[in-house]
Amino acid sequence: MDTVAFEPAAKWLLFVHFVSGVIVLSTIVHLLWRMVDYLRGHGGQRFRVWLHSVILAIGYVVCFVSGALVYPTFRVRVRAEFFDQAIPWATGLFETKEHWASIGLPAVLGLLLLAWPLTQAKPEDRRRIVPIYIGLAVVVLGIVGYNVWAGWYLSTILCV
Amino acid sequence: MNRTDYLLLITAIVALAFAAAYHFKPPAPRYYPLENTWKMENVKGVPSMGWYGRTAWGVGIGAAAGLVAAVVLLAVPKGADGEPRRLPGWLISVLSLLAVLALIGAAGEVLHHEFHKWGTCGAWTIPSR
């Protein structure tokens, strides 16, 4: 049987991908929660918003790269050998997941870039970026929420 | 330029450029995992992956647009009052909305295409073992 790139490390990469995915999901939820607190007048949450933006960016990159490295193994051993032939609808779920992960990259970068003025700039400047910040955070939440669900669901199809 | 507006403009430009690149899908090599090679053509019946190329284009064009914007905006002179220039509020709102909608639009386009291509809109039956 031909070995696919990174296949010997696939299970470890998948584990890293799973753990970082959980971290990313919890971080984006916390980030949005801190934004809600900040908008309700709790200015002290600004630092936590910045902190969660940094953790989100690091976690997202780790999740993205580990997923990119395990993808060749998935493409051959799971998608080509099972999904495409028996349950093509599952391929649709996964294809959406991978592209949404890419689309999340500029949103996560935006949250990281704008976290600085959100915490350091004058109040009148901070107000100007709140709408785009919340918009990008909601986009990331939607992407990560779907990706975590789809990844979990596709992994459990053959479990029981 | 005011630093907050500067970062917001770059964020919006990167998001718009990335979404455009993802929508127009410039030609990119596909990775063939069983052969461990890259080819421009999509050979039917052989597993291949176009995601790497499409993502690379998105990241590349987004990064290039962001870098150009970062350099060009640094050259914006201060206003007559000696203060860094600030964008009008309405322009901030429009750019913010466009950036977010561009990413949502790209995601929606992908979902529509993939769900219809693979029958994900239909029944999710799992064959018994």
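1. Let me begin with chain B. Its radius of gyration is 21 Å, whereas a compact globule of 129 residues would come out near 14 Å (the radius is taken over C-alpha atoms, and the globule rule is 2.2 Å times the number of residues to the power 0.38). Along the principal axes, the C-alpha atoms of chain B fill a box of roughly 75 × 35 × 20 Å.

2. A word on conventions. This is a predicted model, in which local features need pLDDT of at least 70 and side-chain atom pairs count only at pLDDT 80 or more, while totals for chains, interfaces and linings use all residues. Residues are numbered from 1 along each chain as its sequence is written, and chains are lettered from A and ligands numbered from 1 in the order in which they are written.

3. Chain B has three helices and two strands, in the sequence order α-β-β-α-α. Helices (H or I, at least four residues) and strands (E, at least two) are DSSP runs, numbered from the N terminus. Of its 129 residues, 32% count as buried; buried means that 20 or more other C-beta atoms lie within 10 Å of the residue's own, exposed means 12 or fewer, and partly exposed is in between, with C-beta atoms placed from the backbone. Among contacts in chain B between residues at least 6 apart in sequence, 67% join residues at least 24 apart (a contact needs C-beta atoms, placed from the backbone, within 7 Å).

4. Two loop residues of chain B deserve a look at their backbone angles. Lys25(B), in the loop between α1 (3-24) and β1 (30-32), has a positive phi of about 45° without being a glycine. Asn36(B), in the loop between β1 and β2 (37-39), is also a non-glycine residue with positive phi, near 55°. Lys25(B) counts as exposed because it has 12 C-beta neighbours inside 10 Å. Asn36(B) is exposed too, with 12 C-beta neighbours inside 10 Å.

5. Where is Asp81(B) placed? Asp81(B) sits in the loop between α2 (51-74) and α3 of chain B. With 7 C-beta neighbours inside 10 Å, Asp81(B) counts as exposed. From Asp81(B) to Ala20(B) the C-alpha distance is 37 Å, across 61 residues of sequence.

6. Of the 160 residues of chain A, 46% count as buried. For contacts in chain A between residues at least 6 apart in sequence, 78% join residues at least 24 apart.

7. The 33 residues of α3(A) reach 49 Å from first C-alpha to last, close to the 48 Å expected at 1.5 Å a residue (the expected span is 1.5 Å times one less than the number of residues). Even so, α3(A) bends by about 30° at Leu114(A), with Pro117(A) following within four residues; the bend is the angle between axes fitted to the seven residues ending there and the seven starting there. α4(A) bends by about 35° at Ile129(A), and Pro131(A) follows within four residues. The end C-alpha atoms of α4(A) are 48 Å apart, which agrees with the 50 Å that its 34 residues should span at 1.5 Å a residue.

8. Finally, the cores. A nonpolar core is a set of buried Ala, Val, Leu, Ile, Met, Phe, Trp, Tyr and Cys residues joined through C-beta atoms within 7 Å. The largest has 56 residues, and those touching the most other members include Leu111(A), Tyr133(A), Ala15(B) and Leu103(B). α1(B) gives the most to this core, with 14 residues. Tyr133(A) touches Met35(A), Leu111(A), Leu114(A) and Leu118(A), leaving aside residues up to four places away in sequence. A second, separate core of six residues includes Leu13(A), Val70(A), Phe74(A) and Tyr31(B).

Note on methods. Contact = placed C-beta atoms within 7 Å.
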